[in-house]
Amino acid sequence: MAEGATPLDGVDTVLADLDGVVYRGSKAVDHAVESLTAAAATHRVGYITNNASRTAAAVASQLSGYGLSVAAEDVVTSPQAAVRLLVDVVPAGSTILVVGGEGLTSVLEEEGFVVTRSADDSPAAVVQGFSPDVGWVHLAEASYALEAGIPWIATNTDWTIPQERGIAPGNGTLVSAVHSAAGRLPDVAGKPETPIFQAAVERFSATKALFIGDRLDTDVKGANDAGLVSVLVLTGIDGAKQVLAADARSRPDFILGDLRELSQPYPAVVEHDEEDVHVVTVRDSSVAVRGSVVRVLSAGTDPVDLLRAGAAAVWGTGRAIYGLDVDPALHAGD
Ligand SMILES: [Mg+2]
């Protein structure tokens, strides 16, 4: 990357996850709205959500409520990605057994599919996404239908879904219930699988897209696998501890404290060797590695710079985190 370049330089499309990036609970994340609005002046900005219970229009209206300028076509949902998979495996106009809510049925009906809730209607495929109304009867019908060996597509397999009152079981738990009965696994459309990222890249005609997420195992891994520039923003789920421990496929290209840094020069990671010590420096933060021991030399002024240096140091060892003696000061804020 060129000296003084920002994460936005060299990309034409900015894609963002929602929870932990744009909002947390019912409140906007600090600096997210003004930073994404500023990015939209120079870049195509789109939003990606694994949550299958809401339509793109409902998501756009929620985001507009925070002050963002968002239309339904700016939002890519996991049901939309699931339909892309579905059209490859069943004839147009087929009857589809749906486990899920309006976010899913509306997309299928728009594409000309017939929605059923009963295995007795000989569906051509099962499509499963989260809705708070899903119950045992729906899961049982899916299990009966899958006995015929028809395709099974899940919008996503998130184990949890954040709700206003706390963390609740996500679509992955409901898919797992059907899996237990059917003895098979579905194809998955949402993050971290690539179909949802491909759907976004196609929709926005992106030549080089950047994806911002708050989770390494879904957002960053998925963006990396799909060939997108990956950004982890530390306003959501994952923090320093998870960054240091990230496996090679889940390491972000950029680590940001908040979204203001999208348009700020990203600091260089400078590495040099002093005899048997490898030193990694980011601005006034530096970290030393000797063998399996990783120590903070200078904490510096910005904890995100220290994390950037620490992550580069740990990742550069080529060893798993549990094989290293890592300075606890590197994740003191967690
Ligand atoms: Mg998130």
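1. The model is predicted, with local features requiring pLDDT of at least 70 and side-chain atom pairs pLDDT 80 or more, while totals for chains, interfaces and linings use all residues. Residues are numbered from 1 along each chain as its sequence is written, and side-chain values use heavy atoms, with hydrogens and water left out. Helices (H or I, at least four residues) and strands (E, at least two) are DSSP runs, numbered from the N terminus.

2. Within helix 8, the buried residues include Leu216, Thr218, Asp219, Val220, Gly222 and Ala223. Buried here means under 20% relative accessible area, with exposed over 50% and partly exposed in between (1.4 Å probe, protein chains only). Among the elements that cover these buried residues are helix 7, strand 13, strand 14 (229–233) and helix 9 (240–245).

3. The magnesium ion is coordinated by Asp17 (OD), Asp19 (O) and Asp214 (OD), at 2.0 to 2.2 Å. Asp17 is in the loop between strand 1 (13–16) and strand 2 (23–24), and Asp214 is in the loop between strand 13 (209–213) and helix 8 (216–225), so the pair ties together parts that are 197 residues apart in sequence. Along the chain the donors have the spacing D-x1-D-x194-D. Donors are N, O and S atoms within 2.8 Å of the metal (3.2 Å for Na, K and Ca); water is not among the atoms, so the site may look incomplete. Asp17 is buried at 7% relative accessibility, and Asp214 is buried at 2%.

4. Strand 1 also holds Val14, which is buried at 0% relative accessibility. Leaving aside neighbours within four places in sequence, Val14 is in contact with Leu8, His43, Arg44, Val45, Gly46, Leu210 and Ile212. Contact means heavy atoms within 4.5 Å. The C-alpha atoms of Val14 and Ala56 are separated by 17 Å, and the two residues are 42 residues apart along the chain.

5. Helix 3 (residues 78–86) packs with helix 7 (residues 195–203) at an angle of about 95 degrees, the axes being 9 Å apart. Axes are lines fitted to C-alpha atoms, for helices over the stretch in contact, and angles run from 0 to 180 degrees between N-to-C directions. The two helices are therefore roughly perpendicular to each other; angles under 35 degrees count as roughly parallel, over 145 as roughly antiparallel, 65 to 115 as roughly perpendicular and the rest as oblique. From helix 3, Ser78, Gln80, Ala81, Arg84 and Leu85 meet Pro195, Ile196, Gln198, Ala199, Glu202 and Arg203 of helix 7.

6. The domain assignment gives domain 1 (13–50 + 193–263), domain 2 (79–188) and domain 3 (270–331). These bounds come from an automatic or database domain assignment. The C-alpha centres of domain 2 and domain 3 lie 45 Å apart.

7. Ser143, in helix 5 (residues 136–146), is buried with a relative accessible area of 9%. Not counting residues up to four places away in sequence, Ser143 touches Val178 and Ala181.

8. Ala313 is in helix 10 (residues 303–316) and is buried, with a relative accessible area of 2%. Not counting residues up to four places away in sequence, Ala313 touches Val280, Val287, Val289 and Val294. Ala313 and Leu244 are 69 residues apart in sequence and 9.0 Å apart in space, C-alpha to C-alpha.
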